[in-house]
Amino acid sequence: MDRSEAFTNLQSCAVDVLHVDAGAVTEEARFKEDLDADSLALIEFVMALEEKFDISVPEEELDGVTTVGQALDLVMAKLAARA
Amino acid sequence: MPVAVTGMGLKTPVGLDLAAFWAGLCSGRSAAGPITQFDTSEHPVTFACEVGGFDVGTYLSPKEAAHLDRVTQLGFAAAVDALAQAGDLGADPARVAVVAGTGVGGLITLEKEVTKYAEKGAMRVSPFLVPMMMSNATAAFIALQHGFTGPNFCVVTACAAGANAIGEAARLLRSGEADVVIAGGAESSITPVGLAAFNRMGALSRRRDDPATASRPFDADRDGFVMGEGAGFLVLEPWDRAVARGARIYGGIGGYGRNTDAYHITAPSPGGDGAVRCMQLALEDAGLAPGEIGHVNAHGTSTPLNDAAEAEAITKVFGGSPPPVSSVKGSTGHLIGAAGAVEAIASLLAITAGALFPTANHERPEPALAPVDVVHGAPRPLAPAPALSNSFGFGGHNASLVLVPAPAPAAG
């Protein structure tokens with residue numbers, strides 16, 4: 001899966017779980033400030049990513065993830081490690 | 001001085017606003033029907049009184065609604081309606097309290113997440129499970145959305161919770177700890193496990209061939225209660241305060257009694273003794289003699305034991321000539337932790353309308369019951385007078401409220 005396809009999938013997770021418009025989900029968007037996602041919502045979002053991409057993201061790996069782009073980096077690394 | 005009721009809102013199986021609710025009660029029809037929220041094919045009981053047509057989007061954004069159990073959605077909506085009716089409270093938010101009752105809290109969410117845990121493991125349990133299932137979620141969310149920072153708590157006394165919440169709210173006002181209280185109850189526990197559990201207790205009617213006649217309080221052929229869901233909330237404030245701000249007063253809370261049977265975890269005490277004392281406490285609190293009560297809004301669940309004990313208790317309190325009795329549960333089913341609040345509203349509406357709603361499905365008095373005058377068939381004219389509304393919960397919790405009329409508008 002290339003980065004563009006992964007982004008589209010991540011975007012649809014954000015729309016479903018964070019109840020935001022797809023247009024707001026850019027790589028630069030910050031979860032807390034731009035997408036109104038608190039810590040609980042972020043955990044729910046990561047659960048959705050795990051199901052969508054069939055990956056596992058331990059909570060400690062979420063430290064420092066504050067933007068959509070960083071979350072996408074994490075997803076891409078998981079997909080690469082699996083390949 | 002009674003506590004004034006300046007706003008009322010509800011979401012019930014027989015109506016989503018006061019007018020529809022009142023018309024539904026007076027029609028004498030039951031809201032019971034096949035359960036739509038889940039597949040009941042494995043259940044001996046397949047029906048309940050669900051709240052139909054509730055559009056949560058009127059009250060909450062999709063994001064807010066997604067993180068609230070249905071019990072809180074219903075409760076919040078009822079509270080919003082009550083607050084809209086009350087108008088501008090003109091209150092310091094730190095002096096506005098919320099007291100919300102519920103029987104079990106967010107059971108729908110809990111059950112869904114337990115299933116997820118069993119199927120997919122610990123890491124798939126929602127981070128929102130705790131805030132959605134906790135019994136205090138409704139009280140918390142009402143305050144959160146309105147910025148009310150005064151006293152805030154949840155009363156969990158099973159089927160008495162809604163009445164206890166209103167009674168405790170009245171006490172907060174009387175003690176001067178708050179200027180306004182939003183008080184009521186909410187319940188939404190019609191779930192696969194909830195339904196199975198109440199059935200396994202033997203508490204539910206099994207009249208699956210004819211659900212609409214299943215809830216029949218004080219009737220000779222009653223065989224259990226019908227699960228219901230819904231919410232009712234009232235805005236309460238000191239009478240003088242309500243008058244001073246020019247609020248419309250819909251009636252008042254004139255007295256409150258509460259006690260406990262300490263007899264059995266689910267069965268009522270013999271002879272309804274706990275209920276007798278509870279009603280007497282409410283009358284004493286209101287400074288009223290039994291003869292001054294114009295109607296009794298019975299707990300009247302339609303279970304063989306409750307109705308027998310309550311009929312006996314009513315005749316003990318009121319002697320040979322009890323006032324007319326009615327139960328909304330023939331129409332609404334049993335709203336558990338919301339029942340006492342919705343029923344307090346029903347009595348205030350009855351007082352205002354000058355008519356007591358009939359007990360749906362009550363056709364044939366049981367000869368073995370203590371003789372109570374159960375209104376049935378059609379509404380009965382009612383002279384303006386205080387009412388007594390009973391709520392008795394599993395656990396032996398009893399709560400009785402005295403509801404009083406609003407003063408007649410001044411002439412000229």
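Four salt bridges were found across the interface of chain B and chain A. The model is a predicted one. One of these bridges joins B:K120 to A:E51. Their closest N and O atoms lie 3.6 Å apart. B:K120 and A:E51 also belong to a network of salt bridges, together with A:E50 and B:R124. On the side of chain B that touches chain A, helix α2 (residues 62–66) of chain B provides the largest share, three residues. That side of chain B comprises seven nonpolar, two polar and three charged residues. Polar contacts were also identified across the interface of chain B and chain A, with five residue pairs involved.

The extent of the interface was examined next. The size of an interface is often expressed as the accessible area lost when the parts come together. Here, chain B and chain A bury about 1,000 Å² between them. Carbon and sulfur atoms account for 55% of that area. Three residues, B:K63, B:R124 and B:P127, supply 55% of the area that chain B buries against chain A. In terms of contacts, 12 residues of chain B meet 14 residues of chain A.

Over all chains, the structure holds 26 salt bridges. Within chain A, A:R3 pairs with A:E27, with the closest N and O atoms 2.8 Å apart. A:R3 is partly exposed, at 31% relative accessible area. A:E27 is likewise partly exposed, at 30%.

Chain B contains a salt bridge between B:R95 and B:D179. The closest N and O atoms of this pair are 2.8 Å apart. B:R95 is in the loop between α3 (70–86) and β4 (96–101) of chain B, while B:D179 is in the loop between α7 (161–174) and β6 (180–187) of chain B, so the pair ties together parts that are 84 residues apart in sequence. B:R95 has a relative accessible area of 25% and is partly exposed. B:D179, at 22%, is partly exposed.

A further salt bridge in chain B links B:E237 with B:R245. Here the closest N and O atoms are 2.7 Å apart. B:E237 is buried, with 0% relative accessibility. B:R245, in contrast, is partly exposed at 24%.

How values were computed. Residues numbered from 1 in each chain as written. Chains lettered and ligands numbered in written order. Predicted model: local features only at pLDDT ≥ 70, side-chain atom pairs only at ≥ 80, totals over all residues. Heavy atoms only, no water. Contact = heavy atoms within 4.5 Å. Buried area = accessible area lost by both parts, 1.4 Å probe. Salt bridge = Lys/Arg side-chain N within 4 Å of Asp/Glu carboxyl O. Polar contact = N/O pair within 3.5 Å; in protein donor to acceptor, adjacent residues only side chain to side chain. Helix = DSSP H or I, 4+ residues; strand = E, 2+ residues; numbered from the N terminus. Nonpolar A, V, L, I, M, F, W, Y, C, P; charged D, E, K, R; others polar. Buried < 20%, exposed > 50% of the residue type's maximum accessible area, 1.4 Å probe, protein only.
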